[in-house]
Amino acid sequence: MDSMIRLTSNQRKVLEVLEQTGKPIGAYAILEKTGFRGAVQVYRALEKLIDLGLAQKLESLHAYIRVSPKDETELTAFAICDHCGHIHQLTEAREIRQLHECLAQMDFAVCRSVIEIHGACSTCVSSKRNK
Ligand SMILES: [Zn+2]
């Protein structure tokens, strides 16, 4: 993959941690796992990974997550389950695309956007119902 070639060893290490974790992880937890000397190195690597579209920051959780770089649109929505921590990335949703088109019609240039929706996932909802 093209973007992998441009990564420094620090950036690759952080990306590996995000991949292995598979759910949102805080910068200090990343720091622990990478064994970097300081958080600055983690933040710098994360910044680049976000730039490349390989990672995304979830503001409401103060955490980072690995995302797929294929997205043509910069608009992404995350449905976050507050019970089990499951995250569903909604890039293909028609509504997201419509929002993108709407912004394009306004000649609004999006540089960063993360929509975070908190709630309960289908598994957690149905396990609650069965109790
Ligand atoms: Zn859940």
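This is a predicted model: local features need pLDDT of at least 70, side-chain atom pairs count only at pLDDT 80 or more; totals for chains, interfaces and linings use all residues.
The donors are the SG atoms of Cys81, Cys84, Cys121 and Cys124, and they sit 2.2 to 2.3 Å from the zinc ion. How do the four donor atoms arrange themselves around the zinc ion? The angles they subtend run from 107 to 112°, so we call the arrangement tetrahedral. For reference, the ideal angle for four tetrahedral donors is 109.5 degrees.

Now look at where two of those cysteines come from. Cys81 belongs to strand E3, residues 76-81, while Cys124 belongs to helix H6, residues 122-129, so this pair ties together parts that are 43 residues apart in sequence. And are Cys81 and Cys124 buried or exposed? Both are buried.

The E3 and E5 pairing is parallel and runs over six bridges. If you want one to click on, take Ala79: its bridge partner in E5 is Ile117.

His62 isn't a glycine, yet its phi is positive, about 50°. You'll find His62 in the loop between strand E1, 55-58, and strand E2, 63-66. His62 has a relative accessible area of 60%, so it counts as exposed. Then there's Asp107, again a residue other than glycine with a positive phi, this one near 60°. Asp107 is in the loop between helix H5, 94-105, and E5, and with a relative accessible area of 71% it is exposed.

Last stop, Gln11, over in helix H2, residues 9-21. Is Gln11 buried or exposed? Its relative accessibility is 10%, so Gln11 counts as buried. What does its side chain do with Thr8? A polar atom of the Gln11 side chain lies 2.9 Å from the backbone nitrogen of Thr8. And if you set aside neighbours within four places in sequence, Gln11 is in contact with Arg6, Ala45, Lys48 and Leu49.

That's my tour, thanks.

Notes:
Residues are numbered from 1 along each chain as its sequence is written. Side-chain values use heavy atoms; hydrogens and water are left out. Helices (H or I, at least four residues) and strands (E, at least two) are DSSP runs, numbered from the N terminus. Buried means under 20% relative accessible area, exposed over 50%, partly exposed in between (1.4 Å probe, protein chains only). A polar contact is a pair of N or O atoms within 3.5 Å; within protein, one must be able to donate a hydrogen and the other to accept it, and residues adjacent in sequence count only if both atoms are side-chain atoms. Contact means heavy atoms within 4.5 Å. Donors are N, O and S atoms within 2.8 Å of the metal (3.2 Å for Na, K and Ca); water is not among the atoms, so sites may look incomplete. Four donors count as tetrahedral if all angles lie between 85 and 135 degrees; four count as square planar and six as octahedral if opposite donors are over 155 degrees apart and all others between 65 and 115; anything else is irregular. Two strands pair if DSSP finds at least two bridges between them.
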